[in-house]
Amino acid sequence: MERQIYDERNGLWYELCGDYYVPCLEAPESPRVGKFGRMRNTFLREHQSAIYTGMLFSGKLNDHLEEIDRQANEMLDRLIEQYAAAEQISEERKANDQMAWVQTMNSIRNRAEEVVLSELIYC
């Protein structure tokens, strides 16, 4: 007796479990997003519910979150690099005064993150 059958009407495979055929279903892959993707998801869910629901039902939400996360990380890296160059942050300065270097880099990172949040996440 066959353990699996295919139903052409709905395009699903069924597996025999005891006396019943149970559909062979797989959960969709969860999006691979980081901090910015999760923040965008929360923003859409809480403040743009129509857009969130539309993207969720059309299956475009995960792709959108992954793309936003990728763009946000690239933008953050680029801005940090540009701000550090504008403020003349160097390895020499890091070696001479580590605390001042850390303070300046934290400030640069915070400013760059604010730009990313306002331009990509909360728009």
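R111 and E87 form a salt bridge, and their closest N and O atoms sit 2.5 Å apart. This is a predicted model, where local features need pLDDT of at least 70, side-chain atom pairs count only at pLDDT 80 or more, and totals for chains, interfaces and linings use all residues. Residues are numbered from 1 along each chain as its sequence is written, and side-chain values use heavy atoms, with hydrogens and water left out.

**Exercise 1.** Work out which parts of the chain the R111 and E87 pair links.

*Solution.* Start with the term: a salt bridge is a side-chain nitrogen of Lys or Arg within 4 Å of a carboxyl oxygen of Asp or Glu. Helices here are DSSP runs of H or I with at least four residues, strands are runs of E with at least two, and numbering goes from the N terminus.

**Exercise 2.** Find how E113 is paired, and say whether E113 is buried or exposed.

*Solution.* First, the partner: E113 forms a salt bridge with K35, with the closest N and O atoms 2.8 Å apart. E113 lies in helix α5 (residues 98-121) and K35 in helix α1 (residues 35-47), so this pair ties together parts 78 residues apart in sequence. Now the surface: E113 is buried, at 17% relative accessible area, whereas K35 is partly exposed at 39%. (Buried means under 20% relative accessible area, exposed over 50%, partly exposed in between, with a 1.4 Å probe and protein chains only.)

**Exercise 3.** Explain how far apart R70 and E74 are along their helix, and which network they belong to.

*Solution.* R70 and E74 are 4 residues apart in helix α3 (residues 61-86), so about one helical turn separates them. Their closest N and O atoms are 2.8 Å apart in a salt bridge. Then widen the view: E67, R70 and E74 are linked in a network of salt bridges.

**Exercise 4.** Give the strand order of the sheet and say which strands stand at its edges.

*Solution.* The open sheet has 3 strands in the order β1-β2-β3, with antiparallel pairing. (Two strands pair if DSSP finds at least two bridges between them.) β1 and β3 (20-23) are at the edges with a single partner strand each, so one side of each has no neighbour in the sheet. To finish, check the bridges: 4 join β1 (residues 4-7) to β2 (residues 12-17), and β2 pairs with β3 over 4.
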